[in-house]
Amino acid sequence: MITTVNAQQRSGSSPMAQSPRSPSSQAPYLTVSVSDPAKMGNGVQAYISYKVITKTNLPEYDGPEKIVIRRYSDFVWLRDRLFEKYKGVFIPPLPEKSTVEKFRFSAEFIEMRRQALDVFVNRIASHHELRQSDDLRTFLQVDEQTMERARSMEIGIFKKKPADFMQIFKDVQSKVSDVVLGKEKPVDESNPEYEKLKNYIFQLEDHLAEAQKHAYRLVKRHRELGQSLSEFGKAVKLLGDCEGNALGKAFSELGAKSEILSIKLQREAQHLLMNFEEPLKDYVRAVQSIKATIAERANAFRHHCELAETIKFKEIDMNKLRLTRSDKLAEAEREYEELKADGAEATRKFERIVKLMNEEIVRFQEQKTVDLGVAFHEFAKGQAELAKGISEAWRSLLPKLENCSS
Amino acid sequence: MMGYENQGYEEAHLYASKEQMASIVLADDYSPPSDGSKSFPDDPLSSSQFVEIPTNDTDPLQSTPSKQALNSSPSTIHSILDPPSYAEAVFRSFDLDSVDSGDMNGQDRSALASPSSSSYYLKISVSDPQREQEQSASLVPGGSSYFTYLITTFTNMPEFSGTEFNVRRRFKDVVALSDRLAESYRGFFIPVRPDKSVVESQVMQKNEFVEQRRAALEKYLRRLAAHPVIRKSEELRVFLEASGKMVLVRTTDVASRMLDGTARLPKQLVGGKSLDGGASDMSEVTQPAKGGRDLLWIFKELKQSVANDWGGAKPPIVEDDKEFLVKKAKLQDFEQQLINVSQQAESLVKAQQDIGETMGQLGLAFVKLTKFETEEAIYDSQRACAADMKNVATAAVKASRLYRELNAQTVKHLDKLHEYLGVMLAVNNAFSDRSSAFLTVQTLLSDLSSLHSRIEKLEAASSKIFGGDSSRIRKIEELRETVRVTEDAKTCAIREYERVKENNKNELERLDKERHDDFVNMMKGFIVNQAGYAEKMASVWETVAEETSGYAKK
């Protein structure tokens, strides 16, 4: 078993050795990667497993590098635990469970999922609150059997299976939108800034979803154009064959170029998918995760309000009992104190959520700017390179055509 | 097809320096630029001139007011020219290329064209559809109506009796023109006329249909005008020049033939006295037996063709022109591949259109996002994000517009493929002319041989009777007379066949050359177009990549 002693020994033996008591001069780091998807099992039971590699110098972890095998449901477990424990934090989103059976094992889907899981874990690892979570440590360190046990325990504690989480999400979503739209009886915070934020989040989701939809279509169009060019090239080549002579040769060259460009288009389609469309989709999910946090905040607020009301009534009851010098007074007083403690706890919880959310929204906006900026850059770069490749390919044909027109 | 448009254009180019010509030509070639947002699948591209006019011409977008009025009627289709700024940009990208590209449409063709055809122009335009009533017996109110079109011609060809004509013609007249040309110019690759499209005329909106027909007629007449032989034809001249109701004299008298059928057969075979291979006299016998004509002759030729196909015996003569057969087979092959390429070209155009549209929609989505983020911005990071989105949105919208322009040009270039499908129709017609002329010869030869064998039989029978058999002798005399007539007819038919063969041959040569030039130009145009627009798009995206380079992963 690798222990912290070992870690110290290791750092002790390195050239940059320090005495165990002095603080580490290396900045603490924790990087994770998700890679090497592999199909496990057969038939209906089959699933994809991923290698999760952790590199760190944090003392809480077993050594500088650890590799574990995880599957999608393990990630879901982690997300659910974090969501429970860190209310108010925008938990990074997970890619969706695949609904279409035959798509589940397609190379494209697996790669999209792997990338999304990688982003998920890295976001947790770089979040100053979440990275300290025990559950994260468990997820990154324990062997598969322990992980499986932990996962199945959740069914008892968390009551619902991961598949139903979507349903909860949806209930929460509709509940929150009801609240926002003022359909339910107002248990809102009457905080205009917060109202504005909620509106913003809802609208942002719509806008991002639309952009993502068109981005996905654009990927498809690239593929279709590539396909058309390829067919066109083949047909032109055949025309060249039956023509013979210089003109025929020119046709053949044109056809060949078209086929080359078709490949470029397919490649760009893939690049566009992974580096532009997926980040947009990721942010749609991220916004949905924020909505879940909004729902949690609403719950906490309602709970806090309900308790406050209950406490008020209890106070009234108590005073009544005091006046009537009832022997139930002592018990009532005890209950009252309990309620007050609960109330304080509920208020504390609620206020913590508010505080966290205020920090989170700033972090979210900054991260969004960076992440989308990267996506935009990749998009522009990809399109520019594609266009350049296309123009160069066509221009290279011109001198050959010159030979034709005698 | 076969660069007919190019020929018309070539003439325009050569005379651009002459102001008079320039204004005429340019008014016909250019309509006021639209905002380029027309969807190309619907546009029949009537005035399908290429956009790549060399920029050293007078400004192509100017036109004199009077000529402008002629073309500004609502029925004139605006060519898919984009606003001047984009058009310029297109020109520039062509100019930057090899010097040849400026020449490729004008000078090349003029160098190759025969000297005589390059000094004359024949400019036709079709406009101003008007509804007119059927004149005959209008006792019944609400008689049927039809449309007439204004045919305007400018020419300096000596065959015409003036330089400018305006006549009104209806579609029936065009059908008549087409039929007369088919009769007179057997073996030529005569451009195929527009369809009668009876169904469409019922189904389509009247305006749409009339406009489509107008455009198709214009295209057809221009193609005729571009054909080096047909442009000089009497039929075309009458069609373009003769005011009032058009009467194209039929070289054959259908009605009387129908009535007298059998009895007139010998006369038909003899026809007029002159036996030089002029079409007018011997055309009766040498016309293929079309419907409504001499029924007996039809049966004879049919019998002959069946005998050719199914009969055991070898036909009297066979097509032995190996060179021709090889060429024909090659052309059939070519036609097949052309159909295929033409279909793929349509798919390609559709795919280009789709990607442009989606890019535009993506751009719009980002425009909305930008607006939203800007309005709701609380943090600076949001403002930065909004600025990035704006760059992407602008680029996407620009790219979308570039795709649209690219596609409009692509359609024009690849349209050459579709045109050549029309040319192949004309080619097949010309080959049919040859086959039917050949069939006529074969039939006459069969006739002769059967006449000879009948004479033989009669002579043999007659010789057995002492003193001769007067009725048989009379019969033999009749038959000998028929033989003489048939021999004359055969000579004519053979002459006609040779004529058609010669026409085929010349046209094939012309086709080969023009096809070569046309397709080279098409490819050049297509390639330069694709490359040019790709470069523009590259520059648009490179700007955004530059602006977002701060986010680049190290």
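Six salt bridges (a side-chain nitrogen of Lys or Arg within 4 Å of a carboxyl oxygen of Asp or Glu) are found across the interface of chain A and chain B. In one of them, A:Arg395 pairs with B:Glu535, with the closest N and O atoms 2.7 Å apart. The model is predicted, and local features need pLDDT of at least 70, side-chain atom pairs count only at pLDDT 80 or more, and totals for chains, interfaces and linings use all residues. Residues are numbered from 1 along each chain as its sequence is written, chains are lettered from A in the order in which they are written, and side-chain values use heavy atoms, without hydrogens and water.

Contact (heavy atoms within 4.5 Å) joins 62 residues of chain A to 66 residues of chain B. The two chains bury about 5,900 Å² between them, 73% of it on carbon and sulfur atoms; buried area is the accessible area (1.4 Å probe) lost on putting two parts together, summed over both. A:Phe232, A:Phe376 and A:Arg395 supply 11% of the area that chain A buries against chain B, more than any other three residues.

Within chain A, the axes (lines fitted to C-alpha atoms over the stretch in contact, with angles from 0 to 180 degrees between N-to-C directions) of helix 2 (residues 72–85) and helix 4 (residues 134–141) come within 9 Å and cross at roughly 170°. Helices are DSSP runs (H or I) of at least four residues, numbered from the N terminus. Helix 2 of chain A is therefore roughly antiparallel to helix 4 of chain A, a label for angles over 145 degrees.

Terms used: Helix = DSSP H or I, 4+ residues; strand = E, 2+ residues; numbered from the N terminus. Parallel < 35°, antiparallel > 145°, perpendicular 65-115°, else oblique.
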